[in-house]
Amino acid sequence: VQLQASGGGLVQPGGSLRLSCAASGRTFSTYNMGWFRQAPGKDRGFVAAISWSGAPISWSIYYEDSVKGRFTISRDNSKNTVYLQMNSLEPEDTAVYYCAALERNRWYLRRSPDEYAYWGQGTLVTVSS
């Protein structure tokens, strides 16, 4: 699976952006998908994850606490794309955002970047006035 992230840019505090991650290959729907971010001088951290299409209902979607209520992860398997809608952006959200694919039986490891098999190249989000 090859991943291509896009949609980053400069936005004022309180603004919105939608990131996209387009995947190649016909197996996209069988992967859990995650978004991570890395700010300068910090480790790569978990943002959100969405389970693969055949997962139990109890899996579905999971967010890091600081983005709950502001960010929404979604996927369109017909377009092989996962999205991250980011609202009410704060300067602390400034980072390079990465999408990644996690094998379907590893949902319980969704917060750990080391467990993801494939990564996009990253897209920079800058929140500043």
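Me: In what order do the elements of the protein run from the N terminus on?

Reply: In this predicted model, the order is β-β-β-β-β-β-β-β-β-β-β. The count is 11 strands and 0 helices.

Me: Why is the protein called as compact as a globular protein of that length?

Reply: The radius of gyration is 14 Å, and the globule rule gives 14 Å for 129 residues. The two values are close, so the protein is as compact as a globular protein of that length. Along the principal axes, the C-alpha atoms fill a box of roughly 40 × 25 × 25 Å.

Me: What share of the contacts in the protein with a separation of 6 or more joins residues 24 or more positions apart?

Reply: That share is 61%. Of the 129 residues, 43% are buried. As for the accessible surface, it comes to about 6,600 Å², and carbon and sulfur atoms hold 46% of it.

Me: How far apart are the mean positions of the positive and negative charges?

Reply: They are 7 Å apart, for 13 positive and 10 negative charges.

Me: What makes a set of residues a nonpolar core, and which residues have the most contacts inside the largest one?

Reply: The residues must be buried, belong to the nonpolar types that are counted, and be joined through side-chain atoms within 4.5 Å. The largest set of this kind has 29 residues, and Met33, Trp35, Leu84, Met86 and Tyr97 have the most contacts inside it. At least two core residues each come from β1 (3-6), β3 (17-23), β4 (31-38), β5 (45-50), β7 (71-76), β8 (81-86), β9 (95-103) and β11 (123-127). There is also a second, separate core of 7 residues, including Phe36, Ala49, Trp107 and Tyr116.

Me: Which residues does Met33 contact, leaving aside its neighbours within four places in sequence?

Reply: Among them are Leu3, Cys21, Phe28, Ile50, Ile73, Val82 and Ala100. The list also includes Ala49 and Tyr116, both named above as members of the second core.

Me: Why is Ser20 called buried?

Reply: Its relative accessibility is 17%. Buried means under 20%, so Ser20 counts as buried. Ser20 is in strand β3. Beyond four places in sequence, Ser20 touches Gln4, Ala5, Ser6, Trp35, Thr81, Val82 and Tyr83.

Me: Why does Asn80, too, count as buried?

Reply: The relative accessibility of Asn80 is 19%, and the limit is under 20%. Asn80 therefore counts as buried. Its place is the loop between β7 and β8.

Me: What is noted about phi of Asn80?

Reply: Phi of Asn80 is near 50°, a positive value in a residue other than glycine. Most residues other than glycine have a negative phi. Ser88 also has a phi near 50°, again positive in a residue other than glycine.

Me: Why is Ser88 called partly exposed?

Reply: Its relative accessible area is 41%. Ser88 lies in the loop between β8 and β9.

Me: What makes Gln12 buried or exposed?

Reply: The relative accessible area of Gln12 is 54%. Exposed means over 50%, so Gln12 is exposed. Gln12 sits in the loop between β2 (9-11) and β3. Not counting residues up to four places away in sequence, Gln12 touches Val127 and Ser128. Gln12 and Glu90 are 78 residues apart along the chain, with their C-alpha atoms separated by 8.1 Å.

Me: Why is Arg44 called partly exposed?

Reply: Its relative accessible area is 29%. Buried would need under 20% and exposed over 50%, so Arg44 is partly exposed. Arg44 lies in the loop between β4 and β5. Leaving aside its neighbours within four places in sequence, Arg44 is in contact with Phe36, Arg37, Gln38, Tyr98, Pro113 and Trp119. From Arg44 to Val96, 52 residues apart in sequence, the C-alpha to C-alpha separation is 9.0 Å.

Terms used
Residues numbered from 1 in each chain as written. Predicted model: local features only at pLDDT ≥ 70, side-chain atom pairs only at ≥ 80, totals over all residues. Heavy atoms only, no water. Helix = DSSP H or I, 4+ residues; strand = E, 2+ residues; numbered from the N terminus. Rg over C-alpha atoms; globule rule 2.2 N^0.38 Å. Buried < 20%, exposed > 50% of the residue type's maximum accessible area, 1.4 Å probe, protein only. Contact = heavy atoms within 4.5 Å. Areas by Shrake-Rupley, 256 points an atom, 1.4 Å probe, with all protein chains shown as cover. Lys, Arg positive; Asp, Glu negative; His and termini not counted. Charge placed at Lys NZ, Arg CZ, Asp CG, Glu CD.
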